[in-house]
Amino acid sequence: MLREIADRREIQELKPGALRVGYQGEAGAFGEVAAAHGGNVPVAYASFEKLLDALGRGDIDEAVVPLENAIVGGIQEALEPLAAAVCAGLDLVATDLTSVAVRLALAVKGGTPLAAVKRAFSHPAALRQCTRKLADLGIEPIVCYDTAGAATVVAADAATDAAICSRHAAEMHGLEVLLEDVSDKEANSTRFVHLRHADHARAAVPLAFLRAASLTATARLDVLTGATLLPLAGNAEHPLRLWVLGADAARLQALAPVRDVQVISLGQPAAHAARIAPKEGTAPAVKAFPLATARRSPTVVEVGPYKVGGGHRAVVAGPCSVETPEQVLRIARQVAACGATALRGGIFKPRTNPYAFQGHGYEGLQWLVAAGKDVGLPIVTEVMAVEQVEKVAEQADVLQIGARNMQNFDLLRAVGRAGRPVLLKRGAGATTDEWLGAAEYVMASGEARVILCERGIRTFEPSTRNTLDLGGMLAVRPLTHLPLIADPSHAAGRADLVEGLARAAWSAGADGIIVEVHDDPARALSDAEQALVPARFAELARALGLHPDARLPLTQLRAWVDAIDHELATLVKRRLDVAKVIGDSKKQTGKAVLDPKREAAVRRTYAEAIAGSPELADKLVDLLIEAARKQQSIEE
Ligand code: PEP
Ligand code: MN
């Protein structure tokens, strides 16, 4: 039975900053939970078509649509209309994902015994989630437009039918819950995507839609792109289709021509923002490495008060070698003031020449520990031999495995048992697969907190010490949940190239960088040529958007704010230029020049970004809009 309900339009007062978020179903539906997420105001729609229409018209700010359920996979009822709307030209972007825990209660009118229940009403996707349980109970599933709607129907009809809905929906309609959860599997949940009109909103979740001539064209796409695939039935009119959640659109596009696949992407999110949780519990990306390439949400490694991975970015800085207590303390103070998140320093040095400085060993560790304590930064240091691991692990926050030891399997096992996060450098001659294999060794020995570090590989190019393999780093991104950082210092081997490589890695979405800093490079005991002096490190930190603190000299802090002003002013100018082009375009197409909905969207963008100062956000928008109007020469 499919019953249409009247759309509920009478919505609550909007709190400042709150959005009107539409969902399919009625009050008490699981969609309502997703829509209300983050304090927003849910608005009910009878069908997905009506919901998407409302979003297109601008009646609501956002829509939530269920993509995938933990038991039955893709939600066809939502995916099909979404595909149809996108094909028809509705310009959407995916801005967020919300996972809603699903407990499907079997609810009846008070006093109805279980034995009397012959039919259960619910949304078809919910009914599929309890196929087995209902069969066991001898209850016939009856399709209804919504779970909460099923409760409405059961409450109104004088029969012994049941509804399958949330406990909340059952209670709203005065029904009695006979069984708390009739899902076929425990831990049931549904993932909802938040959609906004592409006009002004920014994509944050990679979601694309594929038109493919055959299913084989899309085989292994999940492995190749690290994505979750949500297949659609397709029909004669539309060729086989597939939603792809979590794959980079550019990567899909690159695969498309060879695979006869047309890619329709819902916006292209910024590389770094696009780090979404892959579907949990499916096969690992690389079968041989089930831990390092497990499909799970990004691993966030917590190092002291800092985090790396899953959107948190680290900047590890310090000298190549710990040379004296004063040297490491001076450098620690400099990098900490610039906003570095951890202090590095070598105490056991892997040197090509046996007569070169080999490191101060455990004595150096004490100096490094003291410097870290002084500035409040966790410390990262390399261990070269199994017998060093236990003693170093007592005091170091992160154990580094150097490039030369990436395949020292006994050492990998030893650090895996040490109870400390591990920073694992890629060997200069190692493939990305071998690198993941090394991570698997550490993880298999018990340490889940592995940070992968690309530090340059050996190529034929002699102008740099190594070649920073950002391509390899990016290729590993969809395969692993582990944080990926880059080491521009050892890759370049020359100080003049470090900033450029660091910025490239950062822009490519690295979870962090590790960089060598020395305040007297000419006298450094190792890697003198590649060390940044503190002032150059400050410039890099500024370029990467780190937060300095008051330990930095005032003149340097001023340089910091000057750089921000320069960027800000340049951006304002760009905005004016583009606003002018929009004005020209509107004149050509005869479109209305003023659009209150767009203005509201702009205000929201600024209010969200400058959450601490709503007044400033509002004033900025006033000024920008006024200037844009002048640019567009609009007479009021
Ligand atoms: C180091 O970090 O000082 C070092 C020796 O690095 P790698 O192992 O990458 O050469
Ligand atoms: Mn070094």
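Predicted model: local features only at pLDDT ≥ 70, side-chain atom pairs only at ≥ 80, totals over all residues.
The largest nonpolar core of the model comprises 78 residues. Within this core, the residues with the most contacts are Val 335, Leu 343, Leu 424, Leu 452 and Phe 537. When neighbours within four places in sequence are left aside, Leu 452 is in contact with Leu 424, Trp 435, Leu 436, Ala 439, Val 476, Thr 480, Leu 482, Pro 483, Leu 484 and Ile 485. Another core, of 43 residues, lies apart from the largest one and includes Val 100, Ala 148, Val 177 and Val 182. In soluble globular proteins, nonpolar side chains tend to be buried together.

The manganese ion (ligand 2) has four protein donors listed by residue and atom: Cys 320 (SG), His 490 (NE2), Glu 516 (OE) and Asp 527 (OD). Along the chain, the donors follow the spacing C-x169-H-x25-E-x10-D. Glu 516 belongs to strand β25 (residues 512-516), whereas Asp 527 is in the loop between β25 and α18 (534-543), so the pair ties together parts that are 11 residues apart in sequence. Both Glu 516 and Asp 527 are buried. For Asp 527, the relative accessible area is 15%, and the residue counts as buried because the cut-off is under 20%. Asp 527 also has a positive phi of about 45°, although it is not a glycine.

A positive phi is also found at Ala 187, where the angle is about 55° and the residue is likewise not a glycine. Most residues other than glycine have a negative phi. Ala 187 is located in the loop between β10 (176-179) and β11 (189-197). With a relative accessibility of 72%, Ala 187 counts as exposed, whereas Asp 527 is buried.

Ligand 1 has 13 residues around it, and those that come nearest are Arg 344, Lys 349, Ala 403, Lys 425 and Arg 455. At Ala 403, a polar backbone atom is 2.7 Å from an oxygen atom of ligand 1. At Gln 400, an N or O atom of the side chain is 2.9 Å from an oxygen atom of the ligand. Taken alone, ligand 1 exposes 290 Å², of which the protein buries 98%.

Ser 321 occupies the loop between β18 (314-318) and α10 (325-337). Its relative accessible area is 1%, and Ser 321 is therefore buried. A polar contact of 2.6 Å links the side chain of Ser 321 to that of Ser 526. Beyond the neighbours within four places in sequence, Ser 321 is in contact with Gln 327, Gly 346, Lys 349, Phe 357 and Ser 526. Of these, Lys 349 is also among the residues that come nearest to ligand 1.

His 194 is placed in strand β11 and counts as buried, at 3% relative accessibility. The side chains of His 194 and Glu 62 are joined by a polar contact of 2.6 Å. Apart from neighbours within four places in sequence, the contacts of His 194 are Ala 34, Glu 62, Ala 63, Val 64, Val 93, Ala 94, Thr 95, Asp 96, Leu 97 and Thr 98. Between His 194 and Gln 268, which are 74 residues apart in sequence, the C-alpha to C-alpha distance is 15 Å.

Phe 30 is part of helix α1 (residues 30-36) and is buried, with a relative accessible area of 13%. With neighbours within four places in sequence left aside, Phe 30 is in contact with Val 100, Ala 101, Val 102, Arg 103, Leu 104, Thr 147, Cys 165, Ser 166 and Phe 192. One of these, Val 100, belongs to the core of 43 residues. Phe 30 and Ser 189 are separated by 159 residues in sequence and by 9.8 Å in space, C-alpha to C-alpha.

Arg 604 is situated in helix α20 (residues 596-609). The relative accessible area of Arg 604 is 18%, and the residue is buried. A polar contact of 3.3 Å connects the side chains of Arg 604 and Asp 61. Leaving aside neighbours within four places in sequence, Arg 604 is in contact with Leu 19, Asp 61 and Arg 196.

How values were computed
Residues numbered from 1 in each chain as written. Chains lettered and ligands numbered in written order. Heavy atoms only, no water. Core = buried A, V, L, I, M, F, W, Y, C linked by side-chain atoms within 4.5 Å. Buried < 20%, exposed > 50% of the residue type's maximum accessible area, 1.4 Å probe, protein only. Contact = heavy atoms within 4.5 Å. Donors = N, O, S within 2.8 Å, 3.2 Å for Na, K, Ca; no water. Helix = DSSP H or I, 4+ residues; strand = E, 2+ residues; numbered from the N terminus. Near = heavy atom within 4 Å. Polar contact = N/O pair within 3.5 Å; in protein donor to acceptor, adjacent residues only side chain to side chain. Areas by Shrake-Rupley, 256 points an atom, 1.4 Å probe, with all protein chains shown as cover.
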